[in-house]
Each structure stands twice: as structure tokens, then as C-alpha cells.
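Student: Could you walk me through this one? I am new to it, and I would like to begin with how the chains meet.

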Amino acid sequence: MNTKVLTFLRVVSFLFLVSALITVMASLLNISLFFLGLANEVQNTKVSFSSNYLYRNASLSIEMPIKNNGFLPLRLDAKIELFLSNGSILGIAKDTKDIAPGELKTMSLTVQIEESNFMKIVENLTMKEVKAIVSFKLRTLYDLISVNISAPVHLSGAFSTGG
Amino acid sequence: MLKKMFFPILNLVTLVILPLILNYYITLNYKESLEQLETLTNISIRSSLMFITAIGIMITILSIAKSFSNKASFINLLSSLGMSLLWFLLLSFAISFGQFPDGLIGMSTIYIKTSPSMPLSEAIVVKFDFRFVMIFLALSLMFSMLSDTLSFKEGLKHK
């Protein structure tokens, strides 16, 4: 009886170990395949900025086609935060998409900049202090594994084209 | 004798000799690239390999103690439990890309800089969340330790 219990415990321990390693390997492989494919799609990203001086508002739109080249479904949360270097936030935009393997979807992020924040941008244009943080949260394997990537982007050049 | 030495030799080769050879080889041939990688990502491959070697030496010593001790002895029990713990430490270290102490709880952060002078606030931040996997690893460790303890008790009965 005790031998059976011991064998059962060892098998369960081994199965947990193997499932942990397979989970890590499968999710990392899936995420790597996704990023390898993403490099081609990023070139088709459309960024547009429109501003209205009369109503003192503006909007920054980013449309990014994203294809899941992996073999597992992905949930992608994209977020863009627009702020001045002194820390005051100008606007935030978020988008979430569930992307099946091989599927192509477009992430659309539109940051609406209201009157009070619009004036902050105008005042800071010459200082080139408008920045953005673009972050992606990738969740795979039924949301069990997640990878969060965030990168600061300088956008001050984009605002000078508005008018 | 050969049967008893199989696992200690396997541990010695895979966890001590191979990492040491790899460390020596990459230091000799790719020193500049490694230094650049360490500056840009904060990941030190050589330190990670040294950590694996250090844990590997401990695992090898424990596996020798386990192989040459009586099943019902405390040395056997302690070496089995110690080996399970060390394997858990080693796997959690590998899963978190060597980013301790965050790695212990299944979270690791990597900062990727595009130039060495770039401040960390400007770097691309990649955060991995493997907490779910850590639960699986912890359960594996728990069952392994339980079976070791029961095996020890079983040995005491036969004694």
C-alpha cells in the first residue's frame, strides 16, 4: 500500500514539474513567434495628429495592424500615455484585442486631448517635452502567463505638424 | 557501485562541468559581445552560469550523500529534501532569467537600453509574470518532499 502511495506522490510531483516547464516553454515560444511576426506589421502603423485651435482640442490616433504568428491565442492590451516631462498627464488611450493564431487585427488607440491639456502642449512645444509611454501587455496560455512591455517615445515632433 | 554513481556523475556533468566549460568558452570567444549585452540588458550570463555551477556542486554533493547512505538514515532524508529545495531554487532562477530577487516569486524585469549611456527611465521595460508556473513548481516540490519523508518512514519500519 505504501509503495503505491509513494509511486503516486512521485508521479504527481513529476507531472507538476513537467507541466510547469512545458507551460514556460510553450508560452515563451508563442510570444517569441508573435514578436518575430510583429516586426513586419509595425511598418504599416499609421500615426495621425489633428488639432483644432478654435476649440482648443486635439487627438492623436495610432492604428497598428497586429498578426498573431504564434500557435496559441493571445490577449493583447495596448496603452498609450501622453504626458509632459514634469509628470502631468495629457491623455490616455487603451485598446484590448483577443487575437487567434494566424489572425490579423488592428489596434486603434486615440488619445483625446482636452482644452486645459491642449494649452499645456502649446506652451511646451518649444521645450520638446511632450512624451509618450507605449505599453503592451501580452497574455497567453489562457491568461496564465503575461509579458508586459513598455517603452518611452518622444512625440514632440508630431505636434509641430498640427494646425 | 556504478548504479550508485550514476546520478552523482550525471549531476556533476550537467550542472557543474558543462556550465563551467560554457562559461570558459563564451568568456574566451565572445567577451566583448557579452560585456555589451550586460551593459544594455543588465543580464549577466556569466554570473548566471556561475550560480548554476555553485548550486550544481551542492546538488552533486547531496546526491553522493544520498547514494551512499542507508535509506532509513537521516543523512538520506536530509540530502533528498535538500536536493528538492536546490532544484526548486535552480528552476525558479532559470525561469526568471536569473533576475533575483524578483524571480523567487515568479516575476522578473528586464531593462533594455539602446545605448550604454541611456538612463534606466528611458529604457524599454519588459516584465515577465510566471507566478502561475511557480505554483506548479512549489506543488512539485511539496509532493517530492512528501514522498521523500514517507520513503524515510518506510525505511525506518523495515529497519
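This is a predicted model: local features need pLDDT of at least 70, side-chain atom pairs count only at pLDDT 80 or more; totals for chains, interfaces and linings use all residues.

Student: Okay, and which elements of chain A give two or more residues to the side that touches chain B?

Tutor: Those elements are α1 (2-42) and β7 (145-154) of chain A. Of the elements, α1(A) gives the most to that side, with 16 residues. Sorted by kind, the residues on the side of chain A that touches chain B are 16 nonpolar, nine polar and two charged.

Student: How much area do chain A and chain B bury between them?

Tutor: The two chains bury about 2,400 Å² between them, and 71% of that is on carbon and sulfur atoms. In chain A, the residues that lose the most area to chain B are A:Leu6, A:Leu9 and A:Phe16, which together make up 21% of what that side buries.

Student: And how many residues are in contact?

Tutor: In terms of contacts, 27 residues of chain A are in contact with 27 residues of chain B.

Student: Switching topic to chain B: which residues of helix α2 are buried?

Tutor: In helix α2 of chain B, residues 31-41, the buried residues are B:Leu34, B:Leu40 and B:Thr41.

Student: Why do they count as being on the same side of α2(B)?

Tutor: They cover an arc of only 135° around the axis, so they lie on the same side of α2(B). On the other side of α2(B), B:Glu32 and B:Gln36 are exposed.

Student: What covers the buried ones?

Tutor: The cover over the buried residues of α2(B) includes α1 (2-29), α3 (45-67) and β1 (107-112) of chain B. Just after α2(B) comes B:Asn42, which takes a positive phi of about 65°.

Student: You mentioned α3, so is B:Ser48, in that helix, buried or exposed?

Tutor: B:Ser48, which is found in helix α3 of chain B, counts as buried because its relative accessibility is 16%, and buried means under 20%.

Student: Which residues does B:Ser48 touch, not counting residues up to four places away in sequence?

Tutor: With those sequence neighbours left out, B:Ser48 touches B:Phe93 and B:Gly98.

Notes. Residues are numbered from 1 along each chain as its sequence is written. Chains are lettered from A and ligands numbered from 1 in the order in which they are written. Side-chain values use heavy atoms; hydrogens and water are left out. Contact means heavy atoms within 4.5 Å. Buried area is the accessible area (1.4 Å probe) that two parts lose on being put together, summed over both. Helices (H or I, at least four residues) and strands (E, at least two) are DSSP runs, numbered from the N terminus. Ala, Val, Leu, Ile, Met, Phe, Trp, Tyr, Cys and Pro count as nonpolar, Asp, Glu, Lys and Arg as charged, and the others, Gly among them, as polar. Buried means under 20% relative accessible area, exposed over 50%, partly exposed in between (1.4 Å probe, protein chains only). The arc is that of the directions from the helix axis to the C-beta atoms.
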